[in-house]
Amino acid sequence: MGETISAAASSSASKLKNQEDSFYLHMHPHELHFPLELKKNISCCLQLSNKSDNYLAFKVKTTIPEKYCVRPNIGVMLPMSTCDIIVTMQALEEAPPDMQCKDKFLLQSIVARPGATTKDITSDMFYKDSGYEVKESKFRAVCVAPPPSPNPPLSVHASESLDQEKKQISELTEERDYLKKGNKRLQQALAELQISKLTKERNDVNEKNKKLEQEVHTKGQGHPKRNNHVLFFQFQPKLKRRHLLTSIASISFSFKA
């Protein structure tokens, strides 16, 4: 009987010590600031610190469980250790009125037995009638404007307009390059045409020169006969009259021929 009382007293003393040590579970920060961006999940980090010599079990609750995802939401912390809790706000379709957020969280902690793991912890341990001294701390969520971006995202309309402008610029660039190539080909064709025209003109001139030379040569072969008669006529003035008439008749016959 005495041993039972002594054991009970020892257990009670140990429980009181554990209750005091349970106050060594700290959290930071006390407000979770969510930079609000519509249609996008946003996460914040809550750090827990166990500054006691005991194993501490914890559980995180929220007033709107369908809006937040807490990982891990239950676990065990070793003595003098820290743990990061990731709280994710599900994507919102529209911002809350005046950016006011009234969502709250509750952090519960108890002293666990040495060597305990997460598998040993159940939700029933955090009830007030569970026999454990439950330490509770509250924190809340705060919506804040996102930090300014050096390149703010474009609206759908602006993005489509920008894409259309880029397409037009690309088309104009292709058309310019095509016209440049066409202009180059045209210049080459004109140069070739000009060369062909000049070559034809040169050939025509050469042909005319040849014909003219032939005509001059042909005419030059007939002229000496007339010139001989004329010269003969000019350089024989003392011939008798009969011989003179004969010479004139001969010249006349030559012209008719």
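User: How many aromatic pairs does the structure hold, and what makes two rings a pair?

Analyst: There are 3 aromatic pairs. Rings of Phe, Tyr and Trp (its six-membered ring) pair if their centres lie within 6.5 Å; planes under 30 degrees apart count as stacked, over 60 as edge-to-face and the rest as tilted. Keep in mind that this is a predicted model: local features need pLDDT of at least 70, side-chain atom pairs count only at pLDDT 80 or more, and totals for chains, interfaces and linings use all residues. Residues are numbered from 1 along each chain as its sequence is written, and side-chain values use heavy atoms, leaving out hydrogens and water.

User: Why is the pair of F34 and Y68 called tilted?

Analyst: The ring centres of F34 and Y68 are 5.9 Å apart and the planes meet at 50°, so the label is tilted. F34 sits in strand 2 (residues 31-35) and Y68 in strand 5 (residues 68-71), 34 residues apart, so this pair links distant parts of the chain. Strands here are DSSP runs of E, at least two residues long, and helices are runs of H or I, at least four, both numbered from the N terminus.

User: What makes F105 and F139 a stacked pair?

Analyst: Their centres are 5.0 Å apart with 5° between the planes, and planes under 30 degrees apart count as stacked. This pair also links distant parts of the chain, with F105 in strand 8 (residues 104-112) and F139 in strand 9 (residues 135-144). F34, Y68, F105 and F139 form one aromatic cluster.

User: How do you know whether F105 and F139 are buried or exposed?

Analyst: Buried means under 20% relative accessible area, exposed over 50%, and partly exposed in between (1.4 Å probe, protein chains only). F105 has 1%, so F105 is buried, and F139 has 3%, so F139 is buried too. F34 and Y68 are also buried.

User: Why is E31 with R140 called a salt bridge?

Analyst: A salt bridge is a side-chain nitrogen of Lys or Arg within 4 Å of a carboxyl oxygen of Asp or Glu. E31 in strand 2 and R140 in strand 9 are 109 residues apart, another link between distant parts of the chain. With 31%, E31 is partly exposed, and R140 is partly exposed at 37%.

User: How many salt bridges does the rule give, and which other pairs are among them?

Analyst: The count comes to 6 salt bridges. Among them are R113 with D120, where the closest N and O atoms are 3.0 Å apart, and D177 with R176, at 3.3 Å, N to O. D120 is partly exposed, with a relative accessible area of 31%. D177 is partly exposed at 30%, as is R176 at 45%.
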